[in-house]
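Q: Could you take me through one part of this model in detail, the place where the two chains meet? I'd like the cut-offs spelled out as you go.

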Amino acid sequence: MEGSDIKVNRSKTGTEFGIEVSQLDFAYRTEPVLKGVGFRLDKGAVGLLGPNGSGKTTLLRCLLGQVPLKGDQVKVLGWDMARQARTARAGLGWMPETGGIIPNLSGVGLVAYMGELSGMPGRDAMQRAHEVLHYVGLGDERYRPCDKYSQGMKQRLKLAQALVHDPEWIFLDEPTSGLDPRGRVSILELIRDLARNKGLGVILSTHLLADVESVCQEILVLRNGKLLAQEQVAAGSREPRQVFEVEGFGDDPAFRAGLAALGATVVDDKRLMLVTLDLAQVVGGTTGGGYDTAAGVKAILGVAAASDYALRRVRRRPVTLAEEFYRMVEA
Amino acid sequence: MPVYDRGYTHWEPSPRQARPAWWIIAKRGITEPLKKRWLLVLLLAAWVPAIVKAVTIYLKLKAGNLADLLGGGWASIDPGGFLAFMEGQRFFVFVLLAIVGAGLVATDRRDNGLSLYFSRPLGLKAYIGGKSAIIMFFYFMVTLFPVYALCVFAYLIAPEATGLDLLLLTPLRATAYCLLAGASISLVLLAFSSLGKRSIFVMVWWAIMVMGTETIGAIAEGLGENSVQVANFLGQYHNAGSLLFSTPARLEVDPWVSLATLLLWTAGAIWILRRQIRPVEVVS
C-alpha cells in the first residue's frame, strides 16, 4: 500500500463535504451549554474561539455525534449526526485535549489500533500508522510505549491517530496545550499543511488567538453557549469606528481641527497620528454589508488638502484577531 | 518512495476486509496481557488441576480403583465431575479475571480513552462486546478449554469405556454453560470496572464480590441459613449450571432461583454499563 493523491470520498452524497449546524441546543442534564447555535462551514481551516466554559468542546462533541442530538440539527459530510453518526465518523478525526492515550501500547500500536477501529484492514492500518507517525515527526519514537512520551510527543501522537484513517475533517481540541514555543510552532505548521496543502477540513478549538491567526481562514466565536460571530480572519473589523495611521507634516493645528470637525479623535503615537473615525458619519462610509474603509481614507485626504497638510502615509490600522475577539466577547 | 520521505498522502484502501470493531478490541485486549511472562505462568498454574485430573482419569481407566485412593471425585468423567472441576477452578477465575478485567473500562475512563473509541465508527455494543470477549477468553482458558482437553484425553485413552457422550455431550454442556456464565461474569466485572477509574479499587470490589459473598454463603450454611447462600456470587453459577449438567444442585438453593439471581445481576450490570460508558464525562 502506497499513499495516493486521490482521497476516498466519505460524503453521503459524494458532493457534500461541509458542516451544517442549525438551531443547536444542548444541555448536560439541566445545564444548558449550547443555545441556538447555527452555522455553515465549507471545508477549510476554522478557528473555534471562546472563553472557558463557552461550549467549544461540547460543540466539537456534537459535531462528532458523541452526545445525543435531535434530528437534522447537525449535518457533517451530509450525514445527520443524530442518526448516522457512526457512518460519518469514518470520515472524521478527533484529537482530545486531555488524555486520549491508551497505556501499554507503543505509538505505532496505538495509531494502528485506532486505524483498525476506523474501519481499516489490519495491515493497511499498520502501514498507514508508520506513515503518519513519520509525517508528525515521531518516526524514531514510534516503538516506545506511548505513556512514556513527553507532552509534545503525546500531542503529535494524538494528531497522528486523528489522521490515520485519512479523514475529511479533523477536530482539534487545544492541540498546542502544554507545548513549549518550538513544539507549538511545529504542531501549527503540521496543521497548516494539512488544511492548506492536503485538503483536510480543520476545526481548531483554542484559547490562543495567535494559533488561530496563523492557521485559520475563518473563525467561530462562542460565548455562554451562543455563537457570537462567524467571520473571515482576514476580513477585518465590521465596526464603524476604525483607526487610521496618519503620518505627515504641515499645518498641524488646522489639520487636527479639520479632523475634529469630521468627528474624529486623534491620539499621537510617536511620529504617527492615530485617527479614530466613525465611518457611519463619513460621506460614502456605509456600504450595503458594512463600512467602506476607502471612504475614511478619502475623508482624511480631503481634510489634509483643505488644511495644507502634506501626507506621507494614510492607512487603516490592521485589526488583530485579539482586538476583534475581545471586542466581540466583551460587547 | 521511503516512508520517512513521503509526507502526508491519502489512504488508498486495499481490497482486504476490515474486521468488526469488537473483534479488534478483543484481539488487542487478549494479546497485550499475554505478552507478560508472569501471566503466562499463572495460566500454566491454572492448568495444574486439569493435569492432576488427567492423571487420575488415566489411573481410573487404566488401573481400576487405584484412582479412588487419590480421591474419587477427581477421576469422575460424568458431567457432574466436570462441573465440579470448573467449580474448583474458581480461585483461578477470580485471580485471572481480576488481573485482566479490572482495568478494562477503568483505564479507558481514567485516560479519556472512551472519547477516542467513540470518535470512531463503533457503538456501545461493539465496545462492550469486545471488552467482554477479552474476559470470556481468559475465563474459557481456565474452565472450558481444560474440559475439552480432558474429554478428548479420556476418549483417546479408553474410547470403549467413555463413549461418544463424553466426546460430544459433555463438551456441548460445558460450552453452553461457559458461554452463559462467561458472558454474565464478564458483564458484571465490566460494570465494576466502569464504576472506577483505578484498577486497584475495581479489584477490591471484585474481591468483595467473589470472596466476600462466598464467605457469607459459607457462614450462613454453617448457621443453617441456607437461603442466604443466594448471596454467594460464583456459587450461583455452579448451582444454576447443575440444570445444564443434569446433576444435583451444588448449594441448598433451588437452581432456578440461582438462575433468576444471575439474570438480575446481569441486567443490573448492563444497566450500569449503559449509564457509565459514554464518551463524555457528565460532571454534576
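**The A/B interface**

A: Across the interface of chain B and chain A, the rule finds 1 salt bridge (a side-chain nitrogen of Lys or Arg within 4 Å of a carboxyl oxygen of Asp or Glu). The partners are Asp124(A) and Arg16(B), with 2.7 Å between their closest N and O atoms. Bear in mind that this is a predicted model, where local features need pLDDT of at least 70 and side-chain atom pairs count only at pLDDT 80 or more, while totals for chains, interfaces and linings use all residues. Side-chain values use heavy atoms, with hydrogens and water left out, residues are numbered from 1 along each chain as its sequence is written, and chains are lettered from A and ligands numbered from 1 in the order in which they are written.

Polar contacts are next: 20 residue pairs qualify across the interface of chain B and chain A, both residues at pLDDT 80 or more. Here a polar contact is a pair of N or O atoms within 3.5 Å; within protein, one must be able to donate a hydrogen and the other to accept it, and residues adjacent in sequence count only if both atoms are side-chain atoms. As for who's touching, 39 residues of chain B are in contact (heavy atoms within 4.5 Å) with 55 residues of chain A.

Then there's the area: the two chains bury about 4,400 Å² between them, 57% of it on carbon and sulfur atoms. That's the accessible area (1.4 Å probe) that two parts lose on being put together, summed over both. Tyr8(B), Trp11(B) and Arg120(B) supply 22% of the area that chain B buries against chain A, more than any other three residues.
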